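Student: Please show me how to read the features of a model like this one. I would like the general idea each time, and then the case at hand.

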Amino acid sequence: MSYASFDNNATGNSNITNEADFQKTAQIVVASIQKILQNVSSMQRMVNQFGTAQDSPELKQQLHQIRSYTQQLINDTTNQLNDLVNCKERHLKIQRDRLVDEFSTALNAFQAVQRKTVDLEKNAVRQARQASGAAMAINKPPGSHHSSMGSNYNNTSNSGGGSSMFEDNFITGSRGQTQEQMQEEIDLQALEDQERTIRELEENIVSVNEIYKKLGALVYEQSHQVDSIEASVEQTSVFVSEGVQQLKQASHYQASSFNKARKKKLILALIAAAILAFIILIIILKH
């Protein structure tokens with residue numbers, strides 16, 4: 001494989017200059033595609049556990065880690081495929097196109113599980129906000145706190161020695177409010193984490209869509225250039241073949257014409273010899 005089989009100016013930073021480098025990078029791409037599909041399968045199993053007894057913050061943290069790793073792996077694989085795009089040889093071009101198709105299949109699977117995760121997270125946030133609003137309406141009706149305080153005050157003022165009961169009720173109510181506030185803060189933090197996850201997932205989906213566009217455009221451009229070169233070579237080959245055929249025909253015509261001329265000269269020579277012999281024979285007879 002010659003160095004002319006690759007165009008290193010196509011991306012500007014390709015280190016692939018021969019078929020050995022191409023095959024080495026292609027093997028890395030194949031392994032990366034397989035790893036992406038394995039990660040997608042694991043992500044799918046985790047997502048299916050959302051809303052079940054197996055659902056937990058640890059599960060979502062693990063899902064976040066494997067998703068981030070897969071996203072980085074996709075970015076690295078895209079760069080490697082960009083290097084493979086520079087090949088000119090037909091058999092390498094076919095191999096490259098097959099890798100692009102397999103990578104696109106892996107991207108589709110990754111996008112599908114991300115979209116499913118977004119839908120589940122949005123649904124969970126919506127249900128949590130609805131439940132939080134309903135709980136606040138039930139646990140804190142307007143004026144309930146003041147009316148209970150007034151009732152406790154009237155009951156204790158009418159009974160002798162009831163000040164300690166009032167203090168106990170007040171302390172218990174304060175503790176209950178503090179616990180409710182802490183729980184609300186925890187729930188709010190959980191909602192913010194879910195919304196942050198949703199935004200990250202949506203950004204990842206957009207990023208993968210951009211990879212689709214860039215990779216597709218690059219492959220199309222290189223394929224068009226290679227096809228144009230191959231078409232020019234094939235056309236030149238046709239012209240050369242036609243020229244050789246025409247030369248053969250001209251040589252055949254020339255040889256045929258030469259043979260005809262030789263025949264004519266031979267016939268004329270025979271005729272001249274016959275006439276000369278006839279004249280000599282007449283002269284001899286006269287004497």
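**Salt bridges**

Tutor: Glu 210 and Lys 213 join their side chains in a salt bridge, at 4.0 Å from N to O. The term means a side-chain nitrogen of Lys or Arg within 4 Å of a carboxyl oxygen of Asp or Glu. Two points on the source. This is a predicted model: local features need pLDDT of at least 70, side-chain atom pairs count only at pLDDT 80 or more, and totals for chains, interfaces and linings use all residues. Residues are numbered from 1 along each chain as its sequence is written, and side-chain values use heavy atoms, with hydrogens and water left out.

Student: Where do Glu 210 and Lys 213 lie?

Tutor: Both are in helix α5, three residues apart, about one turn of the helix. Helices are DSSP runs (H or I, at least four residues), numbered from the N terminus. Buried means under 20% relative accessible area, exposed over 50%, partly exposed in between (1.4 Å probe, protein chains only). Glu 210 is partly exposed because its relative accessible area is 35%. Lys 213, at 56%, is exposed.

Student: Which residues do salt bridges with shared partners join into one network?

Tutor: Lys 93, Arg 96 and Asp 97. Arg 96 pairs with Asp 97, with closest N and O atoms 2.6 Å apart. For Asp 97 and Lys 93 that distance is 3.9 Å. Arg 96 counts as buried because its relative accessibility is 0%. A search of the whole structure finds three salt bridges.

Student: How do I read a nonpolar core?

Tutor: It is a set of buried Ala, Val, Leu, Ile, Met, Phe, Trp, Tyr and Cys residues joined through side-chain atoms within 4.5 Å. The largest one here has 30 residues, and Ile 36, Leu 81 and Phe 103 are among those with the most contacts inside it. Helices α1 (19-48), α2 (57-84), α3 (90-139) and α5 each give two or more residues to this core. The most come from α1, with nine residues.

Student: Which residues does Leu 81 contact, leaving aside its neighbours within four places in sequence?

Tutor: Contact means heavy atoms within 4.5 Å. Leu 81 touches Val 29, Leu 99, Val 100, Phe 103 and Leu 215.

Student: Is Leu 201 buried or exposed?

Tutor: Leu 201 is buried, because its relative accessible area is 0%. Its place is in helix α5 (residues 163-286). Leaving aside neighbours within four places in sequence, Leu 201 is in contact with Arg 67, Gln 114, Thr 117 and Val 118. Leu 201 and Arg 115 are 86 residues apart in sequence, yet 7.9 Å apart in space, C-alpha to C-alpha.
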